[in-house]
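Student: Hey, I've never looked at this one before. Can you walk me through it?

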Amino acid sequence: MKVHVREIVLKTRNRLELVDITHRVEEIVAESGVKNGLCLVFAPHATAAIIANEHEYGLIEDILKKVSEEFPHNGKWKHNRIDDNASAHLASAFLGAERTFPVVNGRLVRGTWQNIFLLELDGPRPIRRIIVEVIGE
Ligand code: ZN
């Protein structure tokens, strides 16, 4: 079994932001040499999430709006007594910091309208890391 691990490092520019990482994840799958297996995309951050959905300008705005509505930045969250980012922790906890994709015949399997995004919830940040681990044969 092959195990191929790489890290994507990027910076974010806004408090809430979607960064499309599809191309970089697919490059890592291609270079892994894995034909059939799984690709884990994991953000080792408590205030970010990984999602898969359509890269369409309006939808991106809709997703960020929905996150703001569900997890309002100025909500009366207890964590805000020691830090200013409870909404980011909550969104990350509920949305999840990882997604797993099948790898079949050397390619990551996703829907036509399923791009892979880092969802920044507490930006801007100079460094956000995403671990991409491809395992299989
Ligand atoms: Zn915090």
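Tutor: One term before we start: two strands pair if DSSP finds at least two bridges between them. With that in hand, I50 stands opposite L118 in β7. Keep in mind that this is a predicted model.

Student: Okay, and how many bridges are there between β4 and β7?

Tutor: Six, and the two strands pair in the antiparallel sense. They belong to an open, antiparallel sheet of three strands, ordered β2-β7-β4.

Student: Which strands are at the edges there?

Tutor: β2 (17-20) and β4, each of which pairs on one side only. From one strand to the next, the twist averages 30°.

Student: What about the five-strand sheet, what order does that go in?

Tutor: β1-β8-β3-β5-β6, again open and with antiparallel pairing. Its edge strands are β1 (2-10) and β6 (107-108). β5, residues 98-104, is joined to β6 by two bridges, and V103 has L108 as its bridge partner in β6.

Student: Which strands does helix α1 lie across?

Tutor: Helix α1, residues 22-32, lies across β1, β3 (37-42), β5, β6 and β8 (128-136). Relative to β1, the helix runs at about 155°.

Student: Now the inside. Which residues have the most contacts in the largest nonpolar core?

Tutor: V25, C39, V41 and I130, in a core of 22 residues. At least two residues of this core come from each of β1, α1, β3, β4 (48-53), β5, β7 (115-120) and β8.

Student: And what is V41 in contact with, leaving aside its neighbours within four places in sequence?

Tutor: Its contacts include I21, V25, I50, F101, I116 and I130. There's another core as well, lying apart from the largest one: it has 14 residues, among them A49, L64, V67 and A91.

Student: Switching topic: what coordinates the zinc ion?

Tutor: H79 and H89 through NE2, D83 through OD and N85 through OD1, at 2.1 to 2.3 Å. Along the chain, these donors follow the spacing H-x3-D-x1-N-x3-H. H79 sits in the loop between α2 (57-70) and α3 (86-95), while H89 is in helix α3, so the pair ties together parts that are ten residues apart in sequence.

Student: Why is the arrangement irregular?

Tutor: Because the four donor atoms subtend angles of 87 to 156° around the zinc ion. Four donors count as tetrahedral if all angles lie between 85 and 135 degrees.

Student: Last one: how accessible are H79 and H89?

Tutor: H79 is partly exposed, at 29% relative accessibility. H89 is partly exposed too, with a relative accessible area of 26%.

Definitions and conventions. Residues numbered from 1 in each chain as written. Predicted model: local features only at pLDDT ≥ 70, side-chain atom pairs only at ≥ 80, totals over all residues. Heavy atoms only, no water. Donors = N, O, S within 2.8 Å, 3.2 Å for Na, K, Ca; no water. Tetrahedral: all angles 85-135°; square planar, octahedral: opposite > 155°, others 65-115°. Helix = DSSP H or I, 4+ residues; strand = E, 2+ residues; numbered from the N terminus. Buried < 20%, exposed > 50% of the residue type's maximum accessible area, 1.4 Å probe, protein only. Contact = heavy atoms within 4.5 Å. Axes fitted to C-alpha atoms, helices over the stretch in contact; angles between N-to-C directions. Core = buried A, V, L, I, M, F, W, Y, C linked by side-chain atoms within 4.5 Å.
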